[in-house]
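Good morning. Please have a look at the sequence and the model on the screen before I start.

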Amino acid sequence: MTDDAFIENRTFEEIRIGDTASVSRTLSEKDIQLFALVSGDVNPAHLDADFAQTDFFQRIIAHGMWGGGLISAVLGTELPGPGTIYLGQSLRFIRPVGIGDVITASVTVTEKKPEGCVLVLDCRCVNQKGETVITGQAEVRAPCEKVRRPRLALPDVRVATHDGYRRLIEQTQDGEPIATAVAHPCSAVAIAAAVDAAEARLIAPILVGPEKRIRAAAEEAGRDISGFRLVPADHSHDAAAKAVALVRAGDAKLLMKGSLHTDELMGAVVSAATGLRTERRISHAYVMDVPGHPTPLIITDAAINITPTLKDKADIIRNAIDLAHVIGIAAPKVAILSAVETVNPDLPSTLDAAALCKMADRGQISGGILDGPLAFDNAISEAAAREKGIVSPVAGKAEVLVVPNLEAGNMLAKQLTFLGGADAAGVVLGARVPIILTSRADSERTRLASCAIAALLARAAPKAAPGLPQASA
């Protein structure tokens, strides 16, 4: 092993006045977020770019003690190193430290006190311009015995900020809440979802279901529903039918699932006589906010179409492209997923992918850039795509992932959620109005994001491009 693989101290006897050591670190946004997480210091001057622009320094700056931490790192790892005990530290903050600044923290021994092996050290942090940002003095007890240990590797740390959902919700704040028929909100979770979305000015709920059960659920949730319209219904099937009827009558512009089963609600939606069908195939999409991924990922379909046909997949893609446009992706990159990236007659999903891409070439599917078949790794990882020699405007950059069937979509979304820390906001597309699908396992953030996406879709519908589904007779 090389010397860099070890960490070694300097004992009190080895140290001389004038000895010095330093470490350098470039401040990143992640550093600031991690320091705030560990310390609990959520001062908006360090975390909120909009606030910071109005503050004294007009930019996000590091916590002062982040620089102090660099000084501690020098003392604990370089001079004196392992075995050092902090006795005291003074600090004076001269200049702010911003994202991208390269800070060098150095310590210099100025005094040795033999009794107790005490050292006094001058401390200084300077930026890449040579400007001093922090000065101070440390007093430590230096180790008396030699220590040489393997340098431990630090764990990989991922910061999950979910800024994508925050931006989606912010896009809705200029408009009025959308009238929303909430079908059978007869659990505390369902009531909370509706009330939270109303308080966020995303929706104006119309609560449809058995009145006693709705009021009991509101009491259990501790939420006030006195300001909402309540439409009585006998049971969940009746609630679904009456919620759909409110949409058909124009009283509601959105439909929201309460505490009934998805198939009960969708049964009312797809009814030939009284439902909300259009010329488009109805499909489901998750807008995934995946920690560490630069853009939202749209995964479709994970809840409605069990084994979609080629024709179904064409509509599923059209629905997903329209959704992508509404959330701000002008020309979404659509990856049609399979297990491999080549067409194989024994894998029907690869044949569908090839046909769908040709349909896009001929203008039958427009508004996005399609490629497939692509395996999942080649769709989202540019490195994986390069390794396979795939040259494509979509490979490694996909924003829409079209899965072969419901099972694949459901498993992919839930793996990202429960193993990858992602949030999955669900919406049903292709009906006369967007349909908000939430789950009992959803966080408040996810439920609000689902409502925000649906609200954006509803507001876009009157001025939508010709491809957006319109009501059929």
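Two strands pair if DSSP finds at least two bridges between them. With that in mind, take strand β12, residues 283-289, and strand β17, residues 423-429: seven bridges join them, and they run antiparallel. Within this pair, His-284 has Val-428 of β17 opposite.

The average pLDDT of the protein chain is 92, and 96% of the residues score at least 70.

Now the sheet as a whole. Where do β12 and β17 sit in the strand order? The sheet is open, has 11 strands with mixed pairing, and reads β10-β9-β8-β11-β18-β17-β12-β13-β16-β14-β15. At the edges are β10, residues 229-232, and β15, residues 369-374, each pairing on one side only. From one strand to the next, the twist averages 25 degrees.

Next, the helices on the sheet. Helix α8, residues 236-248, lies across β8, β9, β10 and β11, and runs at about 140 degrees to β9. Helix α10, residues 310-326, also packs on the sheet. The strands touched by α10 are β12, β13, β14, β15, β16 and β17, and its direction makes about 155 degrees with that of β13.

Thr-446 belongs to helix α15, residues 444-460. Is Thr-446 buried or exposed? The cut-off for buried is under 20% relative accessible area; Thr-446 has 2%, so Thr-446 is buried. Its side chain makes a polar contact of 3.5 Å with the side chain of Asp-423. Beyond four places in sequence, Thr-446 is in contact with Tyr-165, Asp-423, Ala-424 and Ala-425.

Then helix α4, residues 64-77. Its 14 residues, at 1.5 Å a residue, should span 20 Å, and the end C-alpha atoms are 21 Å apart, which agrees. Among the buried residues of α4 are Trp-66, Leu-70 and Ile-71. What do the buried residues of α4 pack against? They pack against helix α1 and the strands β2, β3, β4, β5 and β6.

Finally, confidence. Among the elements of the chain, helix α5, residues 163-171, has the lowest mean pLDDT, 75, while β16 has the highest, 98. Over residues 463-473, pLDDT stays under 50, and the model has 20 contacts beyond four places in sequence for that stretch. Where pLDDT is low, the predicted coordinates should not be read in detail.

Definitions and conventions: Residues are numbered from 1 along each chain as its sequence is written. This is a predicted model: local features need pLDDT of at least 70, side-chain atom pairs count only at pLDDT 80 or more; totals for chains, interfaces and linings use all residues. Side-chain values use heavy atoms; hydrogens and water are left out. Helices (H or I, at least four residues) and strands (E, at least two) are DSSP runs, numbered from the N terminus. Axes are lines fitted to C-alpha atoms, for helices over the stretch in contact, and angles run from 0 to 180 degrees between N-to-C directions. Contact means heavy atoms within 4.5 Å. Buried means under 20% relative accessible area, exposed over 50%, partly exposed in between (1.4 Å probe, protein chains only). A polar contact is a pair of N or O atoms within 3.5 Å; within protein, one must be able to donate a hydrogen and the other to accept it, and residues adjacent in sequence count only if both atoms are side-chain atoms. The expected span of a helix is 1.5 Å times one less than its number of residues. pLDDT is the predictor's confidence in each residue, from 0 to 100.
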